[in-house]
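Have the 3D view ready and follow along.

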Amino acid sequence: MLIRKIDLINVLTDTLDYLETNLPDGPTNHSKRTTLIALKIASFLGLENKDVSAICSFALIHDCATSSEEFPLLEIHGRDIIEKSKSHCIIIENIIPQSLLRGEFENIILYHHENWDGSGFFGKKGNEIPLLSQIIKLANDIEILYRENVNPIDICEFVKNKENIYYSPYLVKAFNEVQNMPLFYQTLKANLMNDQLKAIVGNRVIDMDSSSFSELATIFKSILNTKSPFTNVHSSEVASLAAIMADHYNFDSEKKEKFIFAAIIHDVGKLLVPNYILDKKGPLTKAEVFIIKKHPIHTERLLKKVSGIEDICSWASQHHEKLNGTGYPYGLEESDLCFESQLLSVLDIYEALSADRPYRRALSFEKISEIMRNMVIMGELNSNIVETTLDIFNLKKDA
């Protein structure tokens, strides 16, 4: 399956904006703007196409996750507190898609906070630091200064003053040339970045095979885990159930990975829901219920940005719809819902009932069966899917 690279860039950066929405400064566009700056520097240096392509991917995900323990600090101080964290370099390096790790590209993100004089997190110095890491470091710092409304003259002066400390003379000279190009700073405005990235990336496509979906799912899982380990565990467990059921229904390898991917990201819209709602131990207020019921819409809006995965978008965003039209967010009915959407809905409910929640303990298999069969009687769930699911997981429970 061919997917435009610019579509994947947009969906990943928008996911990061989802993650930042409830932080003090709101969405910052940090990754997208850093990517754009890094690409301009890389293009000016005349790097080979493979290096430019790699720096686009690495800059895009260079800050895509941190530990869930550190996320409360982001909620207090804003996303830029991550710049002081060594752990996020390690976490992200460990989730990089293997398709990007071709020997010369190893440790690019791990060392993206290293300083030229060796004073970074890992003590790497000079040319021990990969060039792509150096470029991302410079672009990252420029982006933060730009967002702090530091004027171009002072940005240039800051970079020059950090020559041989943070940055190599080679990159300082390159940046001085790049930032003097017409409209350099104007193109960093939020409303112009998409067009700029599209112009640079062009219509390049990525062949998304089953392993590609698996690698992309790993990135989304890490982003979800940053926000809420509870949400990430739920999505991961639903994905495990989805893999079992995909085999039972003889999905081919591509469809199976797509279905698992849909399960991983079905709750990505919850990144926009404040944690005090997600982790609440008591009943939700009407206002809180209204907020949380919008998360499938956010999932849909995000995935609609990628042409070619319309099926994944439907499966993921319809997991709270019911066959009798009583579900949300759109009140769809059985005729509107494909088999895969109905299956994912059943698996989502099964996992939710079988797991500990902030407001209750996990239910017994007998209680889960009773609840789901009652939902069939009320016309909410597909009877055949429910019975097949219960049969399979009852056997696994007893195995």
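Seven nonpolar, six polar and five charged residues make up the lining of the largest cavity. Here Ala, Val, Leu, Ile, Met, Phe, Trp, Tyr, Cys and Pro count as nonpolar, Asp, Glu, Lys and Arg as charged, and the others, Gly among them, as polar. A cavity is a set of points on a 1 Å grid over the protein atoms alone where a 1.4 Å probe fits but cannot get out, and lining residues have an atom within 4 Å of a point.

This is a predicted model, where local features need pLDDT of at least 70 and side-chain atom pairs count only at pLDDT 80 or more, while totals for chains, interfaces and linings use all residues. Residues are numbered from 1 along each chain as its sequence is written, and side-chain values use heavy atoms, leaving out hydrogens and water.

Back to that largest cavity: it holds about 150 Å³ of space. Of its 18 lining residues, L16, L19, E20, D63 and R79 lie nearest the centre. Helix 1 (5-20) and helix 2 (30-44) each give two or more residues to this lining, and helix 1 has the largest share, with five. Helices are DSSP runs (H or I, at least four residues), numbered from the N terminus.

What is the second largest cavity like by class? Its lining has nine nonpolar residues, no polar and no charged ones. Among them are L8, F213 and I309. Helix 10 (210-227) gives the most to this lining, three residues, and the space comes to about 60 Å³.

Technical notes: 1 Å grid on protein atoms, 1.4 Å probe; cavity = no way out; pocket = protein on both sides within 12 Å on 5 of 7 lines; lining within 4 Å. Points joined across faces, edges and corners; volume = space filled by probe spheres on them.
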